[in-house]
Every structure is written in C-alpha cells, then in structure tokens.
Amino acid sequence: MRKKNKNMTYSSSIAVNRQNYSRKNQNAVSFRSREKVLGPVSNTIILVVLACLLGLLYLTQVTKTNSYGSKAYSLQQQQSKLQNQYNDLEVASAQLQSLNNVQNSPVSKNLVPSTPSTTINN
Amino acid sequence: MNNSDKRYDFKAVRNINIIYWIMLVVMGIFMIRLFYVQVIKYDFYKKSALSDQLQQSKIPATRGLIEAHQGNQIIPVVLNQQLFTLYADPSLVKNPQSASEKLVSIMGGSYDDILAKLKTPKTRYVVLAKKISQDQSDKIISLKIPGLGTVGQDYRVYPQQELASQILGFVNNDGQGTYGIEQALNDELAGTPGYLKAITDINGVPLAASKDNIEIAPTDGKNLVLTLDIAIQKQLEDIIKNAAVQEKSPLVSAVVMDVNSGAVKAMANYPTYNPSNYFDVTNPGVFNNAAISNAIEPGSIMKTLTAAAALDQNVIQDNTTYNDPAHWIIDGFNITNIEEDGGAGVKSVEDVLNLSLNTGATWMLMQMGGGEVNQKARQAWYGYMTNHFKLGSSTGIEQGYDSPGIVPKPNIPNQSGDQQDLNYANTSFGQGLTVTAVQMASALSSIVNGGKYYRPYLTDGVIDAQGNVAYNKPKLIDSNVVSSKTSNSMVSLLQQVVTKHYQSGFSYLNFPSNYVVGGKTGTAQIANPKGGYLENEYNGTYLGFVGGDKPQYAIAIFVTTPTVNGYAGSYAAQPIFGSIVHMLINESFVSPKGS
C-alpha cells in the first residue's frame, strides 16, 4: 500500500477523491451526484467577492459622508466670510453715523446755532 | 500511468509544496511585521498618524459688543471686525520685486518697504502688513505667490473714536479686557471658547465619518448696553476738553448721574485717548478713568454732605443761625475762612454753604458732638461719611480700578486726642480725606432724591442673540441716607447757593426758572508728599444738580491744578458746571417743571 502523504494539498486531495470513484468494476458516472454543489474554490471566491463588495460599499458610504463633511465645511467657510462682510458693513455704517462724522459733515456745518427764545433768569 | 507521468506528478506536488511553504513563510513574516507595527509599535504609529490627521484647536468665542443710548436708539460703540495680517517667508519668495509690485497695487503702501521686508535675510517670517481687509486678503491669496500668507484676527473697533474711551477700556493683544468696562466685565464679554478635535483630510477639512470627532461650539460673549447717552457724553467731553485747555489743567473729570437710579449718563476725563491706537499712548495714566480711580481731597463741596448730616441728625435746622467767630482753635491749630467771607458775625446755614465757611462746617460738626468737636462728633460724622454716603469704600461700579478713597477713622489707637479733632474738623470742609467724583455724585444723588442711595452703574442691560434687551434694575443700597425733610432742605439750600452766585456776578448761572439747579463749589488744598500742603496749587471741584420739578441729574466735577484768576472752585469748576447744565437744558435732556 502506498504510504499516505501527510501533507495533503489541494491537488492531491482531488486525486484521492478521484481514486475513490475509479475502483474496479465501478461506473463512476453512475455514482456522480445529480445535485450541483459549489466546490470550496467557488465558495472561497464568492466569499472574497462578497467581502470586497461589502468593503466597497463601506468605502462608498464613508466617501459620501466625508464629501458631505467637505460640503458642510465649505458652507461654514462661506458663512464665516459672509459674517465678516456683514461685520465690515456694520462697522462702516457705525463709522458713517458717528458723532464726529456727523459733526464734520457739510450739512452739519451749514446749521446755524440757536438759543432758547424764552429764558427766564433766576 | 507510466513512470514518467508518476515522476511528473511527484515533481509537481513537490513544487507546489515548496511554493506553499515559501508563501507560508512570507505570510508569517508579514504577520510578525504587522504584529510589530500594529501591536508593539501601536502608540508610536498612532501618534505619528494623528499628528498629520488630527486637528485640535480652540474655537474662539466672539467677544460681546458694547452699545449705548442715543436718545431712544441704541447704537454700537464697540464692534468686532476680522482683519488680516499679511506675512511672508522671504526664503520662498522667488521674485520679490514682482511680488512687491502686486502687493502695493492691492493694499497700497510703500513698494520699497515691502521689498526690503521680502529681502530680509536669515529669517523665515516677516510681517508685511497688519489690519488688511478680507477683500485685500482674498486678492493676495489668489495671486498664489509662494511664501505669502494671511492670518485673520478679531479686532475691537470703536466707531465713535475717543468717545467714552476711559469708560470702555480696551482689549490687549492677549485678548484680555484692560481698564474700564472691558476689564470689569471681561468674563461676560469674553464668552467661553469652544473646542474642535477632528480627523482631517490633506486640506485640513474635518472628515465627517470619523467617530472620534469632537466639536463643542463656543458660547459667545454677551452684548452690553451702557447707561451712557452718547449725545450727552460727546458734549460733556467737548466741554471739559475746552475747559482743560483754557484753564491749563492737566486733568479734568466730570460725571453726570441720574439721581433716581444711579445710572451714569455721562462720565468723562481729559486728557483722553483713542482705544483703537492704545499701543501708541505714551502716558499710561490716560487709560485710567480718573472719575472713579482718582481720589482727591474734595474741598468745600464736602460741606454739602456735612450740612446734610447735621440737618439729618436734627442738631441744626435749615434756618438756624449762629455766632461765627471767624476762627476756631482745634487741637491748637487755627481754622479760618477766606478773607472775602466777611469776618465774624451771625451766620446762617445758607451762609455756610454760600460763603463756603470752613468755620461754619466746623460748627456743624461741633453740633454733632453737642457743641464741640469730640469723640461723639467724630463717631457721628464718620458714620454719615461711611455708612450713609458710602465714602471710604469702592462704589461697585463696573470699572477697573474703582478707588475707595480714604476716610480717617474716628479713633486712632494709641493716638487719642492727638489732632484727631483737628483732622475731623478738616474733613467737615473737605480736607484730610479723599473721594472720587463718582462717589460724590452718588452721595449727592442720595441727598437730593429723598434719601435713597443707588449703586452707581454703567451697564443698562444685556442683549440676547435675537436683539432683545434685558434691562438691569437700579440697585437700591440704602433707602434712609437722609430724611425727605433733610433732602428737601438741601435742595433748597443748594438752589440758593447757585442763585446767590449768579447775583454776585457769575452771569453764566442764568438758568431758566422752570428748572431746579443747585450746587456747591470747592477749592481744595493739595497734600504735599513731604508733609503739609502745597503752596499756591489747588484743585477746583463742583457738586451740583439740575432737574425740573425735582433734581434729575447730579453733576460732579474735579479740575486738577487749574491756572485761573480766582478760586479754583468758582473760576475753574463752576463754569464747567454752568456749561453742562445749559447743555442739558437747551438740548432737552432735562424735563422742565410741570412737564
């Protein structure tokens, strides 16, 4: 009897399997299962593909979420810029309406001082 | 199967086994390496990765704005504005000439200066310009000149320039409020900064999918509304500036306070400064709000308080007369009056205030002690000065450096009888103690409003994010400073003082009769640091009020060492009082009688 190889490899396992179906006076075809079963290779490949698909799905979702983050960040920057512009306008408005500015305006300079018409002394 | 086929199979199996083992060894090496990298060196690589990806920073809170009244409107007096600092790394700027030309075309300035900075050797950082606008910053960044960058910074902006600068204070480079309300209410104005911790992409944009991101939003500072009316404030500043220049005074302070609430409507000092350029100030003394931090001997305006205390104790009446000897000997020292007061004779309480008699004030103090200046008189007067008029302690107004002033104790341990009576006689006419202008305005308010002492205050309210104003209520500290009878008597007596002064030739005290105006001058000697008092140097003070049916505003004025012909109180401080009252009446800040 042939010494059994302790290191069973994939190809050797196929060979041993085949030997079981090719004994004398046995019709291998008649013993072949009618049911179609996926082999270990196919199973492994499918699992790998599924894992890859799941990974891809995860990456897609993460990228999508991060792109929203980027959009939100960009909007925040825009809001900040608009707020700064608003502040600038508010400052300009306050400066234009400041008492010094009003006092030095041409309209103010053309005003004539007046005194109360009815002053009764103590 | 023949032998060659068997050999072929054997060889194939052997080769597969060899490849299998090689792969196993390689996988093993990978796993060991991965174990080393991911487990043993976990901390090192995590730290290294995070240093590139993790952004941790404080999110600064926006400092609260400060606003004030302008009639019925509320307008900003302190705003925030983000401006930018333009910096460069000269070693990265390839063509400094071209860069300088482009920068000058955007932000102006000197081409030579910018070029010189861009050519600075042995440095990686030079500031090319400060406080450039966002528009200018955007244009410069869009040039994409290597080595140039801008960084934004919030600045406080003062649209009214110098107006109320000493009340406002400023924010220093460390973001700390310094002097004025910026210092006193720094915590309320500053708010609480937020915190950002986020994994970022290569551009520094936080990745939304990271579960470790932390973002705590900042709490912005509160917006404050001051009690100041900037129209009164502006004119008060103009009045005291003109007076300081004319009278050659190094420091003039004035306070206008609502007697019925303690709200400060205007408070000014001259000289002053522009808080936008606080770093250019050479004399840091101008940062002080002298009206609350500069405690001086007030002089004869103190007689107003002495008279009120004596009337309130019922030891004198408003029509009481006495025989004034024109001098008193107290602790061996002679207390006299100025020559113009007419010498010895029968005098009234009104004369004491109108002629500003030191002997009269001392006589009032004597009445508190049963006829002489003694421990009873000292205790009683001390009680009025500190407990009733709140002198000798800080007012609590929302300002940095709120001075308490000094009121001498009525009994100094181990010095019993050692000139204590003289010291106390001096306090009765405003020497030997120190007070601030705001303390005196608060004390007068309590005397003329019926006896209610309100804590002086500057913050009228707080504005929320929707712009709603939550107004502060006046804080009544003491409702029995003096009786209403004493209050009425004092209003009448001080009115008489103004009338008599007008009749004696101070024509500018010609106020319309449908207003009530009263006051008292003070000319104070100045303590010599070497002992005694300075010769020929005096401070002028004035304490008065104006109103319609009843007093509406208390006014305190301190003029330091003016150069005038005559007594500093009458010729330096009193004209300022006259101008302020005319301004308040003419511009309808005071409601006339019957309105």
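Me: How many residues of chain B are in contact with chain A, and what makes them count as in contact?

Reply: This is a predicted model. In it, 30 residues of chain B are in contact with 28 residues of chain A. They count because their C-beta atoms lie within 7 Å of a partner's.

Me: Which elements of chain B supply at least two residues of that side?

Reply: They are α1, β3, α9 and α17 of chain B. β3(B) gives the most, with 6 residues. By class, this side of chain B has 18 nonpolar, 11 polar and 1 charged residues.

Me: Why is β10(B) said to pair with β2(B) and β18(B)?

Reply: Pairing needs at least two bridges. β2(B) and β10(B) have 3, in the parallel sense. There, H69(B) stands opposite D229(B). β10(B) and β18(B) are joined by 4 bridges and run antiparallel. L226(B) has T459(B) as its bridge partner in β18(B). Both pairs therefore qualify.

Me: How do you know whether α2(B) is buried or in the open?

Reply: Of its 12 residues, the number buried is 0, so α2(B) lies largely in the open.

Me: How do you know that the length of α2(B) agrees with a helix?

Reply: At 1.5 Å a residue, residues 42-53 of chain B should span 16 Å. The end C-alpha atoms of α2(B) are 16 Å apart, so the two agree.

Definitions and conventions: Residues are numbered from 1 along each chain as its sequence is written. Chains are lettered from A and ligands numbered from 1 in the order in which they are written. This is a predicted model: local features need pLDDT of at least 70, side-chain atom pairs count only at pLDDT 80 or more; totals for chains, interfaces and linings use all residues. The expected span of a helix is 1.5 Å times one less than its number of residues. A residue is buried if 20 or more other C-beta atoms lie within 10 Å of its own, exposed if 12 or fewer, and partly exposed in between; C-beta atoms are placed from the backbone. Two residues are in contact if their C-beta atoms, placed from the backbone, lie within 7 Å. Ala, Val, Leu, Ile, Met, Phe, Trp, Tyr, Cys and Pro count as nonpolar, Asp, Glu, Lys and Arg as charged, and the others, Gly among them, as polar.
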